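Thanks for coming. Please have a look at it first.

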Amino acid sequence: MWLILNNYFFLGGACGYGNLNIDGYEIKTAALSTALFNDGKSCGGCYLIVCDARKVPQWCLRGTSITITATNFCPPNFAQPNDNGGWCNPPRPHFDMSQPAFETIAKYRAGIVPILYRRVECKRSGNIRFTINGRDYFELVLISNIGGGGEISKVWIKGSKKNKWESMSMNWGANWQSLSYLNGQSLSFRVQLKNGKTRTAINVAPSSWRFGQSFKSNVQF
């Protein structure tokens, strides 16, 4: 497994989080290669990463580690071989980091280093956030700042005028969609993670909500 340095912050990206500072992820993020990204299903998952000092002791910062959140996709480059330029080509597991995150575990001059990694629980400040975009009959909801397992598997939505929960479908990244008309209703959400744990946020958005607004819930994993 390898880690590569990028000299920019991941703002937005394939998970759709937008401004990572606002959404609670800051610089501790990475773009995942095809093998890890899983068509966006890995968005929000957390990984503990250390530089493999057994292989490149001259580049690793010993005794350091970083926990990152998957917020973006590192596209393959099939014009280059997997071990020389095509670092994100399948089936290679690979993390693409911003410079500040990279420099917590390795020296800047290295550019790319071998690593050891494992999935870990996500620790967040504050609770789950819901940002409602879209238009009438199409609510596109970005769900962010998720702790615990991090990776969403299912989402349900319920308007205050409805008697039952409606399943939402994954649109892209961390964005889930509903095709119901829910204007003028307070909105509740139920989120299930890949590990099966579920949280329900009741009346997160008031009946006066508008598209483009973001709301903080009172629940967290």
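I begin with one sulfur link: that of cysteine 74 and cysteine 88 is right-handed, with 90 degrees about the S-S bond. Cysteine 74 and cysteine 88 both lie in the loop between β4 (66-73) and β5 (94-98), so the pair ties together parts that are 14 residues apart in sequence. The sulfur atoms of cysteine 74 and cysteine 88 are 1.9 Å apart; a disulfide here is a pair of cysteine sulfur atoms within 2.5 Å. Cysteine 74 and cysteine 88 are both buried, where buried means under 20% relative accessible area, exposed over 50%, and partly exposed in between, with a 1.4 Å probe and protein chains only.

A word on the source. This is a predicted model, in which local features need pLDDT of at least 70 and side-chain atom pairs count only at pLDDT 80 or more, while totals for chains, interfaces and linings use all residues. Residues are numbered from 1 along each chain as its sequence is written, and side-chain values use heavy atoms, with hydrogens and water left out. As for the element names, helices (H or I, at least four residues) and strands (E, at least two) are DSSP runs, numbered from the N terminus.

How many disulfides does a search of the whole structure find? The search finds four. Counting bonded cysteines along the chain, the pattern is 1-2, 3-8, 4-5, 6-7.

Take cysteine 15 and cysteine 43, which form a disulfide with sulfur atoms 2.0 Å apart. The torsion about their S-S bond is about -85 degrees, so this disulfide is left-handed. The pair links distant parts of the chain, 28 residues apart: cysteine 15 is in the loop between β1 (2-6) and β2 (29-32), and cysteine 43 is in the loop between α1 (34-37) and β3. Cysteine 15 is buried, at a relative accessible area of 0%, and cysteine 43 is buried at 5%.

Cysteine 51 and cysteine 60 are also joined, with sulfur atoms 1.9 Å apart. Their S-S torsion is about -65 degrees, so this disulfide is left-handed. Cysteine 51 and cysteine 60 are both buried.

Now the sheet. Strands of a sheet pair through backbone hydrogen bonds, either parallel or antiparallel. Lysine 158 stands opposite serine 188 in β12.

Last, two residues. Tyrosine 47 sits in strand β3 (residues 46-51) and counts as buried, at 4% relative accessibility. Its C-alpha is 6.6 Å from that of threonine 69, 22 residues apart in sequence.

Asparagine 183 is in the loop between β11 (175-178) and β12 (187-193). Is asparagine 183 buried or partly exposed? At 21% relative accessibility, asparagine 183 counts as partly exposed. Leaving aside neighbours within four places in sequence, asparagine 183 is in contact (heavy atoms within 4.5 Å) with Asp136, Glu139, Trp209 and Phe211. The C-alpha atoms of asparagine 183 and isoleucine 152 are separated by 25 Å.

Note on methods: Pairing = 2+ DSSP bridges.
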